Amino acid sequence: MPRIDFSYDIVKTAKPNAGFHNELIEYLTAIDRERSLVKAAKALNVSYRTLWGKIEFWEKELGQTLVVRDQGKSSQPSELGRKLLWAEKTVQAQNALAIEQLRAQFQSVFAQACDPHAKLLSVSGCFDPWLAQLPEALSQTEDRNIVLDMQFLTSEEGLERLWQDRCDIAAFNLPSNTAKDSPFAKAFGPYLNSADLQGILFTVRTQGLATAAGNPMQLHSLIDVARKKARYANRKLTTGTGLLFQELLTQAGLKETDIVGFDRIEPSHAAVATAIAAGSADCGLCEEGSARRMGLDFTPLVFENYYLVWKRSRFSQPEERKAIEHIQAFLQSDDWKVTGKNYPGYTIDICGQTIDTQTEWPWFD
């Protein structure tokens, strides 16, 4: 069996949310999508001879058929070809955050090496695919020496790091109009009750229940999930989605054990969506974009605010304030907001809007 090896490229402009790439997988994906070798070759911008030559090479290497061709009919991946496609999608989704973190680290250290005067700001917290594009976008602006070191953890871990002065900016999400006694208030409240805090609203995302295409089990709430014993793909409790799961359980009068698969933990929204698309789970909570990208049905349940916050004292000097003001101004620009159209379920016109941290979360006496 062939072994797996990795390499990376240094490019002028990175592709959004790019993971690892493999030529065979890209060819099989195009064939699966186009159902035609001729159309797949055109979509890949390669010749028919090149495409089929590569497929024949790997069929010989693996000793099995990868593409089924019927004379005068469509071409499609064989059973092995489909297994390879889903295996690759699953591994990519399971490790998407780690891959993005690795890329962010390389980008940060390379940027500092190329510009010793770069202003390095660390951003810790919940992963967001739109936010992950910000370092690349900032590097194209006039003040391109601002380097963002993205550290994708969980919302609670990001706030904890900010509190401990281990990062400059925290990124976190929680539902709009979160109640004082909610799991979010209990988890995030201790970190947000500070007069030293400043921040902006980055976006509003739609969270909901993702199900297989056509929603064959007719799942629209956790009550449906419990009643029909649907297989659920969960998230870690300290994530915003994990806390939302706890809150929705309480609202529905359910316990964790009422949900089949409550102890199955997936590392990201994309991993939840991939598990459902692959058929290993029936449903799960995720943001709308992840569900749509996998061709799933989606039932909206809540709108969640996604924030960026920092300590006023950290940016007290003029040069430091200039950096944070530049970031906020860029987030409010049309050049940045137009990129948000690639993310279904996102509210983009409020990006960069200043919040009053003393009134935004009415949890404190």
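A residue is called exposed when its relative accessible area is over 50%, buried when that area is under 20%, and partly exposed in between. In this predicted model, R227 is exposed, with a relative accessible area of 56%. The side chain of R227 forms a salt bridge with that of D224, at 3.4 Å from N to O. D224, by contrast, is buried, at 13%.

The whole structure contains 17 salt bridges. One of them joins the side chains of R82 and D32 at 3.0 Å, N to O. This pair links distant parts of the chain, with R82 in helix 4 (residues 79-94) and D32 in helix 1 (residues 23-34), 50 residues apart. R82 is partly exposed at 28%, and D32 is partly exposed at 22%. Together with R35, D32 and R82 are linked in a network of salt bridges. A further salt bridge connects R314 and E320 at 3.4 Å, N to O.

Turning to the cysteines, a search of the whole structure finds 0 disulfides. The sulfur of C126 is 13 Å from the closest cysteine sulfur, that of C286, and therefore too far for a bond. For C286, the nearest cysteine sulfur is that of C283, 10 Å away. C286 is buried, with a relative accessible area of 0%.

Q207 lies in strand 6 (residues 197-211) and is buried, at 0% relative accessible area. Beyond its neighbours within four places in sequence, Q207 is in contact with several residues, among them T241, H269, E287 and F298.

Conventions:
Residues numbered from 1 in each chain as written. Predicted model: local features only at pLDDT ≥ 70, side-chain atom pairs only at ≥ 80, totals over all residues. Heavy atoms only, no water. Helix = DSSP H or I, 4+ residues; strand = E, 2+ residues; numbered from the N terminus. Buried < 20%, exposed > 50% of the residue type's maximum accessible area, 1.4 Å probe, protein only. Contact = heavy atoms within 4.5 Å. Disulfide = S-S within 2.5 Å. Salt bridge = Lys/Arg side-chain N within 4 Å of Asp/Glu carboxyl O.
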